[in-house]
Amino acid sequence: MSSSPTARSIGSIADAAAPLSLCTREPHVPADRLVAEMVPPPRFDSVRFDTYIPDPNQPSQTEAVGVLAGFAAGIGGAHATGAGRRGFLGFGRARAARTPAGPRGVYLDGGYGVGKTHLLASLWHAAPAEPARKAFGTFVELTNLVGALGFQKTVQTLSGHSLLCIDEFELDDPGDTVLVSTLLGKLVEAGVALAATSNTLPGKLGEGRFAAADFLREIQGLSAHFRALRIDGEDYRHRGLPAAPAPYSDEQVTKAAYATPGASLDDFPHLLDHLARVHPSRYGALTDGLRAVCLTDVRPVPDQSTALRLVVLADRLYDREVPVLASGLPFDQLFSEEMLNGGYRKKYFRAISRLTALARDAKGLAATH
């Protein structure tokens, strides 16, 4: 239940059912749920290669669709290096495993909002293997899985898959990058096909080759297994769309929260404090059942650790298409200039882009209340 002073001060909604509060949620997520949820997020349930609309001014987008469709067809339902499946009830000679042509991995390099996640999810859907033998998750979710299961158990769990898709591969944490690089090496040995995406900074699209080189260097001995695909273009979330709505008043946000079934209402600084007490691997569960997130008193995040937690929450909200209605400062003022010029700047730019899109989605909530 929200204890916001603004909520208590508005008499017209005093008798209404109180909205939910993220600050009262402390979910516990079993490891098997982390594995079961390694599928494309709800926002990308229905995407396919033929629903991706390439920018006619960016031929690299059309080329990427063709390359990825071919890569998906080459994966097949069996491992590349495994012994293959045996005959009826497991007896008889093992059938030869189908060996796909070309690299065992593909890396999508491009700026924000050019549709890399759409294409990665389309690859997952197109790969001819049953869903239980395909995994899809962000780099952060993959490291969280290793933390929950342990390294050897993660290798054992994912080695039975035909495909592992890693969205938002992060090159800014050397420890996690080495950990995942080692994991991917084990999975390649087991015959798992790999696909990954990462971001080039806004204004740095001409330097995309360097981003690809960084990725290939960081994954060390796996470089030969990846084909790098450059995808140029502008952020589709802002392409031809109006600017994100300005923040609303506390009263507007509070009224919308009370009038929207399944909405949460929290004071932004209190929510940031609460995120420090919940492991980021649980942020998806934190948003279970939410239809909207309403925040009052949005202000700049105070430090880098807090900012990185907020990035993870923004990703989970975006994955689940949960609109965000807020008062206070606009989302492009969340992070300091020092943060936006620092080592984690890619994450912060992505969060701004995604929160802006969710704020646009929430515009109707305030307009009707």
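User: What makes up the accessible surface of the chain?

Analyst: In this predicted model, the accessible surface is about 16200 Å², and carbon and sulfur atoms hold 54% of that area. Areas come from the Shrake-Rupley method with a 1.4 Å probe; for residues, only the protein chains shown count as cover. Local features need pLDDT of at least 70, side-chain atom pairs count only at pLDDT 80 or more, and totals for chains, interfaces and linings use all residues. Residues are numbered from 1 along each chain as its sequence is written, and side-chain values use heavy atoms, without hydrogens and water.

User: How many of the 369 residues count as buried, in percent?

Analyst: The share is 53%. Buried means under 20% relative accessible area, against over 50% for exposed and in between for partly exposed (1.4 Å probe, protein chains only).

User: Why are E6 and E8 called edge strands?

Analyst: Two strands pair if DSSP finds at least two bridges between them. The open sheet has the order E6-E7-E8 with parallel pairing. Strand E6 (263–267) and strand E8 (324–328) each pair on one side only, so they are the edge strands. Strands are DSSP runs (E, at least two residues), as are helices (H or I, at least four), numbered from the N terminus.

User: How do you know that E7 pairs with E8?

Analyst: Four bridges join strand E7 (residues 292–298) to E8, and the criterion asks for at least two, so the strands pair.
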